[in-house]
Amino acid sequence: AFTVGRIFIYGSSLEIGNDPNFGFSEQWVSVRFDNIIIPMNSTITETYVQFRGNKTSPGHININICIENNLSIHKFSSTPFNITGRNFSTDCVTWTPDDWNTIGEMGL
């Protein structure tokens with residue numbers, strides 16, 4: 001269970017994984033893509049997002065990627081638990097990226 005619920009919506013980068021600077025044992029990162037219409041009952045079979053590291057990050061991590069399960073998705077706000085309190089699909093995928101050993105490194 002999440003006990004802090006802090007929301008940072010105006011950052012210049014995504015802090016993916018655990019961020020010891022804030023004492024989180026687990027954190028959620030959300031990205032909103034406007035104007036993408038997915039018809040009802042569609043099956044997404046493949047999609048890609050590319051990330052570029054702005055610092056090094058060695059060590060194993062599993063990242064769960066989920067889609068919000070809502071017909072009318074609201075914009076993010078700084079209200080506590082604004083992300084974790086949403087309804088997400090249970091059809092998530094797990095991404096286990098390789099270590100980020102070089103600043104500027106990119107991967108899928």
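User: How many disulfides does a search of the whole structure find?

Analyst: The search of the whole structure finds one disulfide. This is a predicted model, in which local features need pLDDT of at least 70 and side-chain atom pairs count only at pLDDT 80 or more, while totals for chains, interfaces and linings use all residues. Residues are numbered from 1 along each chain as its sequence is written, and side-chain values use heavy atoms, with hydrogens and water left out.

User: What makes Cys-66 and Cys-92 a disulfide?

Analyst: A disulfide is a pair of cysteine sulfur atoms within 2.5 Å. The S to S distance of Cys-66 and Cys-92 is 2.0 Å, and a disulfide joins them.

User: Why is the disulfide of Cys-66 and Cys-92 called right-handed?

Analyst: The torsion about its S-S bond is about 115 degrees, so the disulfide is right-handed. Cys-66 and Cys-92 both lie in the loop between strand E2 (63-65) and strand E3 (93-95), 26 residues apart; strands are DSSP runs of at least two residues, numbered from the N terminus.

User: Why is Arg-86 called buried?

Analyst: Buried means under 20% relative accessible area, exposed over 50%, and partly exposed in between (1.4 Å probe, protein chains only). Arg-86 has a relative accessible area of 15%, so Arg-86 is buried. Cys-66, by contrast, counts as partly exposed because its relative accessibility is 32%.

User: Which residues is Arg-86 in contact with, leaving aside its neighbours within four places in sequence?

Analyst: Contact means heavy atoms within 4.5 Å. With those neighbours left aside, Arg-86 is in contact with Glu-68, Ile-73, His-74, Lys-75 and Phe-76.

Note on methods: Helices (H or I, at least four residues) and strands (E, at least two) are DSSP runs, numbered from the N terminus.
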